[in-house]
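Please view the sequence and the structure below before reading on.

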Amino acid sequence: RGIKTHPGRAPLRETLAAAALIQAGFTSDKPLVDPMCGTGTFALEAALLAKRIPPGWFRRFAFEAWPAFRPQRWAYLRRTAGERIATLGQPAIFSSDIDPDACRSLGECVQEHGLKDAVRVQTADFFGLEPANLPVPGPGLVVINPPYGRRLGTPAEGRRLVQSILARLHERYEVVAGFGGGCD
């Protein structure tokens, strides 16, 4: 999609993140909290949605090298799409992670692509965040792409982490029942 060139250790496809956000009902008028953002796939896709930036806006396409390509028509389409891009008054997307390198990479990407009006990045541990102190107005949507695979250790350690995440969400965040497939 042309924006994320800094892969993380728990990659999530951009299209899957965008689809999950849309399915969850994300809109730019409600905040989004991504407290285990890694390199920020959810945050970046949410920023594109909130600012109405078309997918692929920041990249070139192979068809631009085709003999039948019409640069003037393409320029018109881009100009028309560009007129719909919004400037936001303040960031409504808060992303944090315990990995300072991942947060730095995300922050650089946000800066480079003009998304600072949409996304705020902070190095922080999910288990230490207090919803009332977050720099975005609530209530909104929380998305989490927690670590998975070998980085979790044993299956029992993985289950404990997921249980801890769910307990923290229920303890500190207002959880809306009935959404999604549920977790056991």
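Of the contacts in the protein with a separation of 6 or more, what percentage comes from residues 24 or more positions apart? In this predicted model, such residues account for 83% of those contacts. The points below treat the overall fold, then the cysteines, then one histidine.

**Overall architecture**
- The protein contains 5 helices and 4 strands.
- Along the sequence, these elements follow the pattern α-β-α-α-β-α-β-β-α.

**Surface and interior**
- The protein has 184 residues, of which 34% count as buried.

**Cysteines**
- The count of disulfides in the protein is 0.
- For Cys37, the nearest cysteine sulfur belongs to Cys103 and is 4.5 Å away; because a disulfide requires two cysteine sulfur atoms within 2.5 Å, Cys37 is in no disulfide.
- Cys37 has a relative accessibility of 8% and therefore counts as buried, the cut-off being under 20%.
- Cys109 is also buried, with a relative accessible area of 3%.

**His113 and its surroundings**
- His113 is located in the loop that lies between α4 (100-112) and β3 (119-123).
- The relative accessible area of His113 is 12%, so this residue is buried.
- A polar atom of the His113 side chain lies 3.0 Å from the backbone oxygen of Cys109.

Methods
Residues are numbered from 1 along each chain as its sequence is written. This is a predicted model: local features need pLDDT of at least 70, side-chain atom pairs count only at pLDDT 80 or more; totals for chains, interfaces and linings use all residues. Side-chain values use heavy atoms; hydrogens and water are left out. Buried means under 20% relative accessible area, exposed over 50%, partly exposed in between (1.4 Å probe, protein chains only). Helices (H or I, at least four residues) and strands (E, at least two) are DSSP runs, numbered from the N terminus. A polar contact is a pair of N or O atoms within 3.5 Å; within protein, one must be able to donate a hydrogen and the other to accept it, and residues adjacent in sequence count only if both atoms are side-chain atoms. Contact means heavy atoms within 4.5 Å.
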